[in-house]
Number of protein chains: 2
Amino acid sequence: MLRMNNKNNITIKEVAESAGVSRATVSRVLNDSPVVTPDTRARVQSAMDSLGYRPNYFSQALAKNRSQSIGLLVRSLGGHYFGKLMYSLEEKLTTLGQYCMVSSGHGTYESERKAVDFMLSRRVDAMILYSDCLSDEEIIEINNSGTPVVVLSRYIEQLKDQCIYFDDVKAGYDSTRHLLDNGHRNIATVTGPLHKQDAEDRFLGYKKALEDFDIGFDQDLVVESSFQLEGGKEATKQLLSTGKNFSAIYYGNDEMAVGGLEVLRGAGVRVPEDVSILGFEDIQLCVYLKPNLTTIRVPLAEMAHIAADLAMNLVNNVSSDIALEVQLQLIERESVTRPCNKPEQNKN
Amino acid sequence: MLRMNNKNNITIKEVAESAGVSRATVSRVLNDSPVVTPDTRARVQSAMDSLGYRPNYFSQALAKNRSQSIGLLVRSLGGHYFGKLMYSLEEKLTTLGQYCMVSSGHGTYESERKAVDFMLSRRVDAMILYSDCLSDEEIIEINNSGTPVVVLSRYIEQLKDQCIYFDDVKAGYDSTRHLLDNGHRNIATVTGPLHKQDAEDRFLGYKKALEDFDIGFDQDLVVESSFQLEGGKEATKQLLSTGKNFSAIYYGNDEMAVGGLEVLRGAGVRVPEDVSILGFEDIQLCVYLKPNLTTIRVPLAEMAHIAADLAMNLVNNVSSDIALEVQLQLIERESVTRPCNKPEQNKN
DNA sequence: TTGTACGCGTTATCAG
DNA sequence: CTGATAACGCGTACAA
């Protein structure tokens, strides 16, 4: 409670006086200038230490016009997916002497715009965007206004060298293919919002795989949803209510699969004996569920590291030859099996 | 790629000239000073708009000596527990016009110290600490050096008005009591590191409840662990290997309970039929596990909101009469049931 | 190698 | 109500 108001107000000036040098010299040792004599450097250093000097971040940033911060836009601060992303990015940026300022977009345009504007107002040196709602044009505009942008999990042609992405079509294809290879022929899918590129692409992959197996496409086995748990539940209910036959469901992401699993179980449908399911992302939850969820792993840590490097390169205006496309990996666990022969797949 | 280097460099000076007023006046409208005439205010405003003016954060912070940021120290950026804390805090602070700068301590002293120092160097206006490793003295020292501190989930006598906490003894007591009330008599416990106050307190509550039921305390039924999943696994294995009889395990937190559940299941012990288990925290995972985990809920959102208000009060040097102790709540789910009568609780 | 002096963009004090 | 002008703390050409 007895808090003194002496917020460490020792400035470069005091250090200079105490060390018997000019402020410029102190500034030099602060910035590791090679020109300063070892002797004076030592004098200054010890002066700083004994005074408990701490450089003023704002002054430095103002003078250098650099915040030493990278902004990260995520959908949400919680959750394993973005948690891992934040974790990996912070880890990497810390080693680069940068702070990772994260702001969440909550999946709405309004909020994303606000988050981005806020980071801009805090003058981050660059931004890493995991954006659902911002338009390509807006992102390009931000980039062209002086704050370089790295785009995560999305491909924008005009910013092709600043996008880190994976092949969603392939993801959809491989997932469906895995089901097909396991002998499934009636495969339903719950997609994300189809106006979003990633959701649509995975759906495209799904259709393509069916085509390759000469399996007719049945619109009744497709439900468009929200990428969220609740959405997964509702979509699954809808699927069950059609009375259609299916032995597998491909979910556009894990979260929806988790919701779906709950509904299936509630309806007395055994997973995977009656219905196999498959998700996307590989959130941590997957391995705690019973059955463990077979899914496709997004290499978030790798993406974060690439993003950090790329961002720094953009800030320092050096060109890079980093590989921007990352590879996905199918993780086989327990939720997919060969279909059993039963007359009734789902009771309804 | 064609990024111009015109990082919005419109300053207050330009706005002033464009509006035909002095910089001081622009600054006044910027800060909602009541003295400025509606007419000139409008002129300035439109000048700002048409020029796309954006105040320079560093200059403002430097001049005002305020960062408009609150630092938050958490154990980790991922996970549901801290995710929720971050989410709630950010939500609240945003409405207060503050940024929530979060930094993670990774549960090690070294790292916590570094995180705190970093936030200090970024000159946060206050800090909210969820610290495992910093000593009371260090925290007090930080507070007394000019950056007010709010302490989460920990009680420090000298900072009693700045700690937000709950009653860990009661938590341990209520949990054990719940088991007792369900008819359990042989109750094991897996504690966190007992040198940590919260772990010890919950353990104390456990012992107290046993006493109240005149049940002898058996040291073999107590295993000290790490608060982490792996620790929960090992501790549970150890418990099983004693060959002792027990029909319930009280885990010091959910994470250890999750690990324990896995081990129990692996050992052929049915939960809750053979062994009831009970955790602490109410992480999101609880409801996805089979069986759902009975636990004690920590009101993180509430704590975050209180912390934010308290922090702002400290910054503005106004005293507050906020209630600092929050109440815990037992959430009954599926992992606790009355013990069945069987000769053998655990095979071994 | 070191020091001088000015600039960075705002806020705050004081006259007017 | 508005305008000069001195802080705020540091970086950096330029000079010495």
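## A buried arginine in chain B

B:R202 is buried, since 29 other C-beta atoms lie within 10 Å; buried denotes 20 or more such atoms within 10 Å of the residue's own, with C-beta atoms placed from the backbone. The residue belongs to helix α9 of chain B, residues 197-212. Helices here are DSSP runs of H or I with at least four residues, numbered from the N terminus.

Although B:R202 and B:D168 are 34 residues apart in sequence, their C-alpha atoms are 5.1 Å apart in space. Leaving aside residues up to four places away in sequence, B:R202 touches B:D168, B:A171, B:G172, B:T191, B:G252 and B:F280 (contact: C-beta atoms, placed from the backbone, within 7 Å).

## Basis of the model

This is a predicted model, in which local features need pLDDT of at least 70 and side-chain atom pairs count only at pLDDT 80 or more, while totals for chains, interfaces and linings use all residues. Residues are numbered from 1 along each chain as its sequence is written, and chains are lettered from A and ligands numbered from 1 in the order in which they are written.

## Surface near DNA strand C

DNA strand C is surrounded by 26 residues, the closest being B:I12, B:S27, B:N56, B:S59 and B:A63 (near: C-beta atom, placed from the backbone, within 6 Å of the strand). Two or more residues each come from α2 (23-30) and α4 (57-64) of chain A and from α2 (23-30) and α4 (57-64) of chain B. The largest share, 5 residues, belongs to α4(B).

## Surface near DNA strand D

Around DNA strand D there are 25 residues, of which A:T11, A:I12, A:S59, A:A63 and B:A24 come nearest. α4(A) gives the most to this surface, with 5 residues.

Technical notes:
A residue is buried if 20 or more other C-beta atoms lie within 10 Å of its own, exposed if 12 or fewer, and partly exposed in between; C-beta atoms are placed from the backbone. Two residues are in contact if their C-beta atoms, placed from the backbone, lie within 7 Å.
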